[in-house]
There are 2 protein chains.
Amino acid sequence: MTEQAGYYGKRRKWHSWGYEDEVISQAEVKEMAVRVGKRLGIDEPVVLSDPTLEEIELRESRISIPASLSSFCNSDKWDRVSHSYGKSFKDLTRIFRRDFTNPPDVIAYPRNEAEVAAVLDWCGDNGYAAIPYGGGSSVTDGFTAPEDCDGSVIIDLGNMNQVLEVDPVSRCALIQAGTLGPSLEDQLKPHGLTLRHIPQSWEFSSLGGWIATRSSGHYATHLTHIDDMVQSLRVVTPRGTIENRRLPGSGAGPDPDRLFIGSEGSLGIITQAWMKLQGRVVFRANATITFDTFYQGAAAIRQITQAGLFPANCRYLDAQDAQFYGAGDGTKSVLLLGFESADHPVDVWLERGVEICQDHGGEVVTKTGSGGDALKSSRSGAQGNWREQFRYLPRLMHTRAAMGVVSFTFETAYTWDKFEAVDTEIIRRVSEAQKALTGGGIVCRRFSFLYPDGPAPYYSVVAPSTHETSLEHYQALSDVASDAISELGATITHHHAVGRSFRPWYDKEVDPLFRDMLAGAKNAVDPDWIMNPGMLLDRSNHLKIVG
Amino acid sequence: MTEQAGYYGKRRKWHSWGYEDEVISQAEVKEMAVRVGKRLGIDEPVVLSDPTLEEIELRESRISIPASLSSFCNSDKWDRVSHSYGKSFKDLTRIFRRDFTNPPDVIAYPRNEAEVAAVLDWCGDNGYAAIPYGGGSSVTDGFTAPEDCDGSVIIDLGNMNQVLEVDPVSRCALIQAGTLGPSLEDQLKPHGLTLRHIPQSWEFSSLGGWIATRSSGHYATHLTHIDDMVQSLRVVTPRGTIENRRLPGSGAGPDPDRLFIGSEGSLGIITQAWMKLQGRVVFRANATITFDTFYQGAAAIRQITQAGLFPANCRYLDAQDAQFYGAGDGTKSVLLLGFESADHPVDVWLERGVEICQDHGGEVVTKTGSGGDALKSSRSGAQGNWREQFRYLPRLMHTRAAMGVVSFTFETAYTWDKFEAVDTEIIRRVSEAQKALTGGGIVCRRFSFLYPDGPAPYYSVVAPSTHETSLEHYQALSDVASDAISELGATITHHHAVGRSFRPWYDKEVDPLFRDMLAGAKNAVDPDWIMNPGMLLDRSNHLKIVG
């Protein structure tokens, strides 16, 4: 038995979000389909049935596994199918189309670094693509097998899921890369500590995946990106293991960890990391504030982020987004503003934040400080509805693909000076394309993460389509969005990584000389170019510099 | 006339800190010498006279300047002498020994990027070492010419000293790399903005230098390193110009700016940067708190840094350091705790900080919030004395070299869990070596910069010696300190960069495979390996990977 057990010893659904023993009722699926259909003017959406393993036709594995690796590698159908796709709309649609034309050949479940290194050696000797896999939640084609290789091996870190060491004095822990969000927090809890990094994929994404993709998590400001929580990394590369010194800060050369953070498996496999932790939250204060227009509230939020208040939550939903999450009635933009601390009451921070909102015409719907029950208020009303939806929604996202509509999100970041102009133009272009292509649909957005110098807007797109056209409509609309982002000087991804999906726009965003530097760095640790081919770089990028 | 004018059009002293028109009286020098002598038990220190240009014997320049570059390059004696050394104790001692055995051959003062590129082309064609120079304040031999080259060209960015563009909405500015601290702030002031990055070298160090060396500045916590204030860089390399997109945040591959931050001129020349700014300080609150022992206060400070209070100042001097700065009587450790904001009163933050100190046995000497004049209190008493000394001291540091004692500082960073053990051991080793070598002397330390996971202690060493032995004694003691840091798992530099001085210990600190990656990256933009040879890397590091 080489199948991944994971920390909880339960098997995941191979075609959608959640564990096998979690039943999503047909009533729930139907309700979701009707709700989405209603928004798009589709009366009776046809929801495809979940695919069964028997329905999937799979190419034979092109690789035979040597005896020395057979205790933790296999080519079983379930394993290959369940590691073929991530969780994007495109992935889910391909799953519902029962399209598995390019599955990986072998899935490896190493239990330690020696086994990781052994797999890389084997891939190097045979020219197989070596593809690291954390929780499988990629929405950017971040671990799909390359089309043009003779064999691909997915390296699933799920068995490396332990918190190995806790340093309560410096508030850090050494954590294995395959640890998923819930088990990571379960293991830290007895120490009174938390990483408090909670992307929407938290249940089924891993520490190593967060680092390799520059994930953003819980904090709206200050500690948004996982980048700033990494103390030091350990990475197994085809040429050997790199371990960076555990330091709170240094000026000794370029920060070595930063080259691996965001490397998307192209340089090696992050096996463990010393992470900087937080004390568990004791004090909370939060408020729900509405604004008549999205830009009115955005101005308030800009001032808050530039005031040095560091709200933990500063989620700002436009009227449509708020309505969808049950956090508003669809007439106003809604700001969920929250402060938290393990050390001291945060009422003063909230008061100043609310004051800034009121100066910009914001209307306070609820406000709860230390006099009230801020934990309760964060889990009820607009705040609670949003929280519930945010956490539960991934379980139902496959419904969108199964009902033949187009449904996707994209995120970016750009500076405040051009925020209104760029946001307006992005929405205009996507809306127009949507109308031309599908006859209608919705584009809405929110802020999840914010910087003093600019917001990271997150756009949601839903449009009517059919089972025959949804994938093509998705691609066309996604391309319009990506072109707009790229041309308007924003970034092609704020926290979903580049993957295969956004590679053409990454190539426009990154300076070609920096890409050459990255290629030179890669070549130093991956001379056979086996690591996750196509991520960020191609071999041709390197050939260019060596001539 | 190709001599550097700089923003203020004044010429600097070539042998010590300050402008030529700033007269340091012999009385002042004498007072400093007597003060230091008294601490070390030297009755009548012999202070050498300032060197004159006539006294310096200089090798002929080995390079003839082509006509196309002659409008901004020269080989004049003043220029070559004034660009031979930085400002370390070792540099100043060599200057007072009139030892200029390896001067640069040409000093270039490019006025724009085209001229920077032209110099790099010329160096590449001829195999000259191309060495970027900002303010010349290096204390780690960061721009001295390599011994083994046939010609070296210092590229002084002093004429590229303008704030080119200000974006008040996103609170950012595009600033040329050669801009020194005071002119940078002078140019930002009319916009109500500030970079607020104030290393001790501020008057004579440049934006490009801060970025290339990962300088630390004003902020004790949160925005300590310049790294976090960079929005995007522009770098001229021998293979062309790299410009990174101006983004508040991104998840698109490894952050390209981070590879240049701390690259010490080894990858190219940073010519300009979009920097993230702050609003000018309106609200202040501060307190002076004493502790009976250094470790008692360190425990309080750890709690403050982990509480998310983000003090702007959290300078903690041990009893000896405090006495030296006129901030204490030598019996207690002194904490200068300060909060500041452009947006809101910071009394609550200070109150909580003070409360934590009191919980750890700290005694409040002064405390000034919005009810008092916190600006005044930050510029009088212990706070004011420290501030004055900190700012003025560089003007007198040459006195140490001129009087034949040993005087140097070193900084590092390591995690809180081992703080007491490592600190004790570092002090034990240096003290013992000092006693054995020079018969006595002082080792004291302070915290300037702090992280939730560890402090960045800064050690000062002063020891009696003679004009004949001071350099050798310095080197022996510095080596003991560097060995201790390296062996005890700390970093060889927190904010002074590696330079030539600490290269052997950097080579122990950095993972050899990461160094190979850096070499691969360098080779992609500097194929002739002309950029600041010997900084971080040697050509042999690259030959190893290409075989």
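Trainee: How many residues does the contact take from chain B and from chain A?
Mentor: The contact takes 87 residues from chain B and 87 residues from chain A. Keep in mind that this is a predicted model.

Trainee: What area is buried between chain B and chain A?
Mentor: About 6800 Å². Carbon and sulfur atoms give 60% of that.

Trainee: Which residues of chain B lose the most area to chain A?
Mentor: B:R245, B:P254 and B:M517. Together they make up 11% of what that side buries.

Trainee: And how many salt bridges across the interface of chain B and chain A?
Mentor: The rule finds six. Take A:R239 and B:D516: their closest N and O atoms are 3.0 Å apart.

Trainee: Which helix gives the largest share of the chain B side?
Mentor: Helix 17 of chain B, residues 512-525, with nine residues. The whole chain B side that touches chain A divides into 39 nonpolar, 28 polar and 20 charged.

Trainee: Switching to helix 10 of chain B. How many residues, and what is its reach?
Mentor: Helix 10 covers 347-359, so to speak 13 residues. From first C-alpha to last, helix 10 reaches 18 Å, close to the 18 Å expected.

Trainee: Which of its residues are buried?
Mentor: B:W349, B:L350, B:R352, B:G353, B:V354, B:I356 and B:C357.

Trainee: What do those buried residues pack against?
Mentor: Helix 10 of chain A, plus strand 12, helix 8, strand 14 and strand 15 of chain B.

Trainee: What follows helix 10 of chain B?
Mentor: B:G361, with a positive phi near 90 degrees.

How values were computed
Residues numbered from 1 in each chain as written. Chains lettered and ligands numbered in written order. Predicted model: local features only at pLDDT ≥ 70, side-chain atom pairs only at ≥ 80, totals over all residues. Heavy atoms only, no water. Helix = DSSP H or I, 4+ residues; strand = E, 2+ residues; numbered from the N terminus. Expected span 1.5 Å × (residues − 1). Buried < 20%, exposed > 50% of the residue type's maximum accessible area, 1.4 Å probe, protein only. Contact = heavy atoms within 4.5 Å. Buried area = accessible area lost by both parts, 1.4 Å probe. Salt bridge = Lys/Arg side-chain N within 4 Å of Asp/Glu carboxyl O. Nonpolar A, V, L, I, M, F, W, Y, C, P; charged D, E, K, R; others polar.
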